[in-house]
Number of protein chains: 2
Amino acid sequence: MKQRLFTPGPTPLPEEVRLAQAKEIVHHRGKEFAEIFKEVRQGLKDVFQTKEEVFVFTTSGTGAMEAAVANLLSSGDRVLVIRGGKFGERWAEIATAFGVQVIPLDVEWGSAPDPGLIKKKLTAHQEIKAVFTQLVETSTGVVYDIKAIAEVLRTTEAILVVDAISGLGAQSLPTHEWRIDVVIGGSQKALMIPPGLAFVTLSPKTWSFVENSNCPRYYWDFKKVRKALDKNQTPYTPAVSLICALRESLRLLRKEGWENVLARHARLAEATRKAALALGLKIFSKVPSNVVTAIEVPSQIDANELRTMMQDGYGVEVAGGQEELAGKIIRIAHLGWMDGSDMIAAVSSLEISLLNLGCPVTLGKGVAAAEKVLRE
Amino acid sequence: MKQRLFTPGPTPLPEEVRLAQAKEIVHHRGKEFAEIFKEVRQGLKDVFQTKEEVFVFTTSGTGAMEAAVANLLSSGDRVLVIRGGKFGERWAEIATAFGVQVIPLDVEWGSAPDPGLIKKKLTAHQEIKAVFTQLVETSTGVVYDIKAIAEVLRTTEAILVVDAISGLGAQSLPTHEWRIDVVIGGSQKALMIPPGLAFVTLSPKTWSFVENSNCPRYYWDFKKVRKALDKNQTPYTPAVSLICALRESLRLLRKEGWENVLARHARLAEATRKAALALGLKIFSKVPSNVVTAIEVPSQIDANELRTMMQDGYGVEVAGGQEELAGKIIRIAHLGWMDGSDMIAAVSSLEISLLNLGCPVTLGKGVAAAEKVLRE
């Protein structure tokens, strides 16, 4: 059966990206790679909307999160962690593993943090060195107001560290303009390449944190990465075929235009939400993102049963809920190499599957609502 | 110009491996990936010659070296590091970064360590918790006698940690039979896939070291990796396209037969050495490996000039010397997806380039010597 992937990473790959990986490998210290890497470095600056360098790590996104903790802090430091889902929890776990003391700001899953509460925490705990947050909490589908959070931090000495792994490219994040100190991105999301690369960019202010940090690190060491850039290289052998793929995806995205890329994600997200609402379903996320739409499944059916039917019956693979949300929600991504017809296929399989499972939905109603958005 | 890669990683890719990466991406928590990963897990056990699990990390090889240090030791522990080249130095640097005290066993670059001296060090420093070594020190082209080193360790409580990143698959290393505690491998060497994956296998005894280690780690955590294997998964999104490539390469290598793979590397290495000797050149490595042949360049010419001529004139890319060996040696790899005709091309470009640079070599003499080995 023809398979279609609607998970919030990995996301489908354009042909150019797939084929770029299939080329003969080049040596990472040679001239040809230097040309590729130079282009990728510039492209990543555009994606991150910054003039600063964007570091490329061969790792899953979690590795880049660890790199941020290990390079910026010391054991015993205190940090504020916005904890509104599985990835907020991950920030806290990584910090704890490095002996960093976590002051949590717990946010109900499905909600976004209130910048006013962040301000309160920072006022009450002036020793806080950094605030760790997500741009999009992928587990709940919620987008956070990073602009407002960054403004709160301007009156303090603390740095803002944003996990934009799923959000980068799907959600506006002008790193320089909003004065965000650290932004982390991943490869297998809106950037439309396979998993295996993660990215970190740092504001100039952040380097004093790197100088003062005493956490042990070697592979993650930002100073080694920065030094290698002088020779237009990475300090250790990078995932060459993925970097070649990245060059292609950056070309495609530049051709589409960044504003158009963001607008496309917004439009597909709206179409998906409108479809779910038209089918009488509830959106789980109180502030829904353009990355993934988290939909509450009617209580009489199990979300995993619904997912299985969508995949086995119609080739549509969506994500389920994680941890406390397992069996309760499905998450339909509209991320990366996606268009309106892809979303129509997802919505169609959703409505047919719901009917199959005994939910009283009217066939075509969700699709029609999505089409209305797509037509505009 | 047609390019041929003779660097000790990345190495050329078979067509099946290149194309496997170009397939549509699959989700790392889905059924299709589970099938692939199951096959890869079994194949890696065969490569490592062990019944234990082989962990797959999305990282450069250096990351897996860091993982070994971070999981096995605690700050203040003492370890013995065999330091006979750039990668021995790397072990020491990583250990030092984690507060582990390094007792070095310095070996002249180009030589292999004397197991008797390792025994002396272990007797003099009974507190040594681990011995860190390479199987092949890629910077000098030397293979170490891991079997003898492992025997020395049997009378102690210390564990043996072998960086086999470049050697795995090119050099016999029966992990179980030789009772090696930790073996680390890399993807872009004899395994014939692009860089981006690294591997670690642990003996049962080693797990008590993991339990007692207090170094901070999260992404590298061996216990998290082991736990995820219960579900036939990795804890974090892995480099899916590289794992698909790995499945193909493991199939190719199994089809060739492991004994044949090792014999092929031995034969190509011998052909390369014989060719160099026939051209009046010296082999830099006192115990030359089957991974890469390090050749001293006649003092009247610069090794980098020779490399440039080989690459720009004849499309043959070989490695130079690293650190103190820069400009003094060239390193010709016979690693991975290579055959006799590949090595003839490398030797041919070497002898032509030497003559071009004014070295009194007889054209065809190196090639003839290599052919003699290949004909046997």
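Angles between axes that are over 145 degrees count as roughly antiparallel. In this predicted model, the axes of helix 10 (residues 258-278) and helix 13 (residues 365-375) of chain B cross at roughly 150° and come within 7 Å. Helix 10 of chain B and helix 13 of chain B are therefore roughly antiparallel to each other. The crossing of helix 10 of chain B past helix 13 of chain B is right-handed. Among the residues that make the contact are B:Arg267, B:Glu270 and B:Ala271 of helix 10 of chain B, and B:Lys365, B:Gly366 and B:Val367 of helix 13 of chain B.

Helix 2 (residues 31-48) of chain A packs with helix 9 (residues 240-256) of chain A at an angle of about 50°, and their axes are 9 Å apart. That angle makes helix 2 of chain A oblique to helix 9 of chain A. Here helix 2 of chain A passes helix 9 of chain A in a left-handed crossing. Residues of helix 2 of chain A including A:Phe33, A:Ile36 and A:Phe37 take part, meeting a set in helix 9 of chain A that includes A:Val240, A:Ile243 and A:Cys244.

Helix 11 (residues 303-314) of chain A has 12 residues and reaches 16 Å from its first C-alpha to its last, close to the 16 Å expected at 1.5 Å a residue. Its buried residues are A:Ala303, A:Leu306, A:Arg307, A:Met310, A:Gln311 and A:Tyr314. Seen down the axis of helix 11 of chain A, these buried residues fall within an arc of 125°, so they line one face of the helix. They pack against strand 13 (316-320), strand 14 (329-333) and helix 12 (340-356) of chain A. Just after helix 11 of chain A, A:Gly315 has a positive phi of about 70°.

Methods:
Residues numbered from 1 in each chain as written. Chains lettered and ligands numbered in written order. Predicted model: local features only at pLDDT ≥ 70, side-chain atom pairs only at ≥ 80, totals over all residues. Helix = DSSP H or I, 4+ residues; strand = E, 2+ residues; numbered from the N terminus. Expected span 1.5 Å × (residues − 1). Buried ≥ 20, exposed ≤ 12 C-beta atoms within 10 Å, placed from the backbone. Arc of directions from axis to C-beta. Contact = placed C-beta atoms within 7 Å. Axes fitted to C-alpha atoms, helices over the stretch in contact; angles between N-to-C directions. Parallel < 35°, antiparallel > 145°, perpendicular 65-115°, else oblique. Left-handed = near helix turned anticlockwise from the far one by under 90°.
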